[in-house]
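Hello,

Here is the structure you asked to look at. Please open it, then read my notes below with the model on screen.

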Amino acid sequence: MDLKYFEPKILTPKIKKYDVIVIGSGPSGSTAARILAQHSFSVAIIEKCKIPRYKPCGGGIVWKARKLLENRLEGIIENEFSNVEINLFQQALSFHVERNFPLITMVMRDKLDFCLTEVAIKAGATLYTEHEVISMINNSNKITLETSADKFECKYLIGADGVNSRIAKLAGWKESRTVAPALEYEIETDTKTFNRLSYQPRFDIEYLPQGYAWVFPKKKHFSVGLMAIRAPAKGLHYYFQNYLADIGISNIISQTGQGWFIPVSPRKNGFFKNNIMLIGDAAGLADPVTGEGITNAILSGKIAAEAIIGSGASNTAGGIYQDELNTQMLKGLKTARTLAKLLYLSKWLRKKVFEKHGQQLCEIVADIFSGEKRYPIYLVRTLNKFF
Ligand SMILES: Cc1cc2nc3c(=O)[nH]c(=O)nc-3n(C[C@H](O)[C@H](O)[C@H](O)COP(=O)(O)OP(=O)(O)OC[C@H]3O[C@@H](n4cnc5c(N)ncnc54)[C@H](O)[C@@H]3O)c2cc1C
């Protein structure tokens, strides 16, 4: 796929007016913009970067996210795997799960986000790149935005601007999410090492305190990363270097990457204020167990768009969005948060549970990421069996 940069729009002093403005062209923002444009709303996506841009992310699309994306991954799939390896590194316990469909599909985020934004533009949305939101005035029926380039006005504003959401800060949300530090590197190695490690993705739980490490094989390189639900005292880079050595990635031809954060608990102080809604990482919707955030980014974008449409473009959209999030997502995330604490915080408990029920647990996680089971019903029942 040939990625051409979108040209920035020519600047004019006039205020640009839209029904809905979406800040951020990640998977949450592009989904919301596409659906609204398909329903004849005038929509702008405002993005601070020139796109395509690198996003620190494993680029692992679990099966339930892939189903939501329908055929939009065509041409950008790096690899797909129906089998996954999950290790408890210090206990030398290893589990394998397999399905007859791709449990996890590998993409690069610059291409994924570019593709999804292109679909939103084809549906009628207007994209403004290299426009960073700087300030905002929120009156009851009109939101005015100043960006590093133009000024904008809209009735609804969707904050899809990721974990460091400027929109949340400008609109007055106090921080209430837990954010997990993470590292992601794109690593090119020699053919022998690539062939040895590229037949399946691996997850190494307890490689570092309160977290896990992963290797995601792409077409010609590995995305290697780690996350911890609490920052380890020695820092992530220390564990990252040891991890590469321990799994035998020593002959590194090239390596690029960076640290970032994954929000692993939703905001406690609501997801809308008047006609401003937060979606995806800005709302704190990544999965607390794995940090997988693309599914809920897409889903929350869809729910927010449908709330605006379903409200008949009235001021009830925010309330509808919050109710739907609650029904479709928040209860599951609450259970997942409890599970993540059990999994990462007690080594003793983890050992006991995995020794006895490790395979069963890995199968459940695979079912959840396939969309065949949901957290609340299944895990609460299973947890009761253990304790
Ligand atoms: C190291 C790491 C590995 C991960 N691996 C996976 C994985 O393998 N699979 C998975 O499902 N999830 C993974 N995640 C989580 C996933 O990346 C996020 O949950 C997902 O990107 C959230 O999408 P989003 O659309 O909400 O936000 P983002 O993808 O972060 O998009 C936000 C956009 O907003 C723009 N923006 C920010 N501020 C402004 C501003 N002021 N003005 C204008 N634009 C702005 C940004 O430039 C960006 O394009 C990982 C996360 C990390 C950190």
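Start at L226. Leaving aside residues up to four places away in sequence, L226 touches A182, L183, Y207, L208, G211, Y212, A213, L236, Y239, F240 and Y243. Bear in mind that this is a predicted model.

L226 also belongs to the largest nonpolar core, which has 118 residues. V20, I21, I158 and L226 have the most contacts inside that core. Which helix gives this core its largest share? Helix α8, residues 317–345, with 10 residues.

Strand β15 covers residues 222–228, and seven bridges join it to strand β14, residues 211–217. The two run antiparallel.

Now the whole sheet. It is open, has seven strands, and its pairing is mixed. The order is β6-β5-β13-β14-β15-β12-β16. Which strands stand at the edges? They are β6 (93–98) and β16 (252–263). Each has a single partner strand, so one side of each is left without a neighbour in the sheet. Neighbouring strands are turned by 15 degrees against each other on average, direction ignored. Helix α9, residues 347–370, lies across β5 (83–88) and β6. It runs at about 30 degrees to β6.

Then go to strand β1, residues 16–23. It pairs with strand β11, residues 151–159, in the parallel sense over seven bridges. V22 has I158 as its bridge partner in β11. β1 is also joined to strand β2, residues 43–46, by four bridges, and these two run parallel. Here I21 has A44 as its bridge partner in β2. How does the chain get from β1 to β2? It crosses through helix α1, residues 27–38, and this β-α-β crossover is right-handed.

Last, the ligand. How many residues surround it? There are 37, and the closest are G24, G26, G58, G280 and G293. α1, β12, β16 and α7 (294–310) each supply at least two residues of this shell. The largest share, three residues, comes from α1.

Best wishes

Conventions. Residues are numbered from 1 along each chain as its sequence is written. This is a predicted model: local features need pLDDT of at least 70, side-chain atom pairs count only at pLDDT 80 or more; totals for chains, interfaces and linings use all residues. A nonpolar core is a set of buried Ala, Val, Leu, Ile, Met, Phe, Trp, Tyr and Cys residues joined through C-beta atoms within 7 Å. A residue is buried if 20 or more other C-beta atoms lie within 10 Å of its own, exposed if 12 or fewer, and partly exposed in between; C-beta atoms are placed from the backbone. Two residues are in contact if their C-beta atoms, placed from the backbone, lie within 7 Å. Two strands pair if DSSP finds at least two bridges between them. A crossover is right-handed if, with the strands pointing away from the viewer, the path from the first strand over the helix to the second runs clockwise. Axes are lines fitted to C-alpha atoms, for helices over the stretch in contact, and angles run from 0 to 180 degrees between N-to-C directions. A residue is near a molecule or strand if its C-beta atom, placed from the backbone, lies within 6 Å of it.
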